[in-house]
Amino acid sequence: KAVVSTQSGHYGRGTGMQESQIEASGNGALAMCLVEGAAAGSQDALVLGILKHLAGAGGSAITHGGSHSQLISAAAPYTQSPFNTQCVNINNVNTGMFGLSISAAGEEIGDVLKSSYGVMIGLNDGVSDQALETAKNKLKLELLSAYESNLAVRAATGLESIAAGSPSSASQLCGAIDSITNEEVIEAAKKINSSAPILVSYGNVESMPLQRELQ
């Protein structure tokens with residue numbers, strides 16, 4: 001298992017292209033494409049949480065068949081081996097990270113990344129009311145489940161303090177999520193997709209595209 005870290009606390013703030021490809025033995029590859037997200041406890045964190053579920057979040061390695069997220073469905077035609085692509089929304093006290101986490105066979109990871117990037121760009125155009133409602137319900141379930149977990153109480157409490165300076169009730173949290181509009185989602189998507197990402201890959205990276213090839 002590889003852990004990739006960065007010393008910088010700033011993501012996508014005019015720092016230009018930042019990328020790192022780390023070669024390792026084996027056929028598999030991992031990639032993360034991240035921009036600056038939102039701080040825990042902010043309304044922006046909730047909007048990005050909805051974006052995450054619109055694109056696709058969670059799940060283990062995918063084979064083929066069944067009903068999958070936008071990210072999985074977009075990447076599946078380009079793959080023959082198990083893969084996974086998901087959107088991540090990590091919220092810390094002062095800032096956050098938002099983007100894509102991908103694992104795939106080395107010869108396929110470039111196509112998975114490009115198709116996933118295309119899904120994120122597509123969110124600039126907004127989504128249907130039904131898709132938005134489904135994403136809201138998934139976010140509510142995620143946060144309420146975290147609230148009930150002893151391991152996630154501190155994180156959930158941070159997310160719940162929307163702007164009031166103190167933890168809100170579960171009903172207030174759900175109300176804040178329900179109030180988010182398609183226009184807010186579009187604005188957040190455009191901001192995310194116009195930011196310069198950090199692109200880090202590990203493993204069989206011969207087929208990894210350069211960051212400029214994603215623009």
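Is S115 buried or exposed? In the predicted model examined here, S115 counts as buried, because its relative accessibility is 12% and the cut-off for burial is under 20%. S115 lies in helix α3, and, with residues up to four places away in sequence left out of account, it touches A74, A75 and Y78. Over the protein as a whole, 44% of the 215 residues count as buried.

The protein contains seven helices and five strands, which follow one another along the sequence in the pattern β-β-α-α-β-β-α-α-α-α-α-β. Among contacts between residues at least 6 apart in sequence, 73% join residues at least 24 apart. The protein exposes about 11,000 Å², and carbon and sulfur atoms supply 51% of this area.

Several of the strands are paired with one another. Strand β2 pairs with β4 in the antiparallel sense over nine bridges, and within this pairing C33 stands opposite L100 in β4. Strand β2 also pairs with strand β5, which spans residues 198-203, again in the antiparallel sense and over six bridges; here the bridge partner of A29 is G203 in β5. Strand β4 is in turn paired with β3, in the antiparallel sense and over eight bridges, and a hairpin of four residues joins β3 to β4. In this pairing, N91 has G96 in β4 as its bridge partner. Strand β3, which covers residues 84-91, is largely enclosed by the rest of the structure, because seven of its eight residues are buried.

In soluble globular proteins, nonpolar side chains tend to be buried together. In the present model the largest nonpolar core comprises 47 residues, of which L46, I50, L51, L54, L113, M120 and L123 touch the most other members. At least two residues of this core are supplied by each of β2 (28-36), α1 (43-55), α2 (70-75), β4 (96-105), α3 (109-122), α4 (129-148), α6 (170-178) and α7 (182-193). Helix α1 provides the largest share, with eight residues.

A nonpolar surface patch of about 220 Å² is made by I22, L30 and Y202. Of these residues, L30 is found in strand β2, and it is classed as partly exposed because its relative accessible area is 39%, a value between the 20% limit for buried residues and the 50% limit for exposed ones.

Side chains of opposite charge can pair when their charged atoms come close. The count of salt bridges in the model comes to two. In one of them, the side chains of K52 and E142 meet with an N to O distance of 2.8 Å. K52 lies in helix α1 and E142 in helix α4, so the pair ties together parts of the protein that are 90 residues apart in sequence.

K140 is buried, with a relative accessible area of 13%, while D178 is partly exposed, with a relative accessible area of 38%. K140 also has its C-alpha atom 8.0 Å from that of L173, although the two residues are 33 residues apart along the chain. L173 is found in helix α6 and counts as buried at 2% relative accessibility.

How values were computed. Residues numbered from 1 in each chain as written. Predicted model: local features only at pLDDT ≥ 70, side-chain atom pairs only at ≥ 80, totals over all residues. Heavy atoms only, no water. Core = buried A, V, L, I, M, F, W, Y, C linked by side-chain atoms within 4.5 Å. Buried < 20%, exposed > 50% of the residue type's maximum accessible area, 1.4 Å probe, protein only. Patch = residues over 30% accessible without salt bridge, like charges linked within 9 Å, V, L, I, M, F, W, Y side chains within 5 Å. Areas by Shrake-Rupley, 256 points an atom, 1.4 Å probe, with all protein chains shown as cover. Salt bridge = Lys/Arg side-chain N within 4 Å of Asp/Glu carboxyl O. Pairing = 2+ DSSP bridges. Contact = heavy atoms within 4.5 Å.
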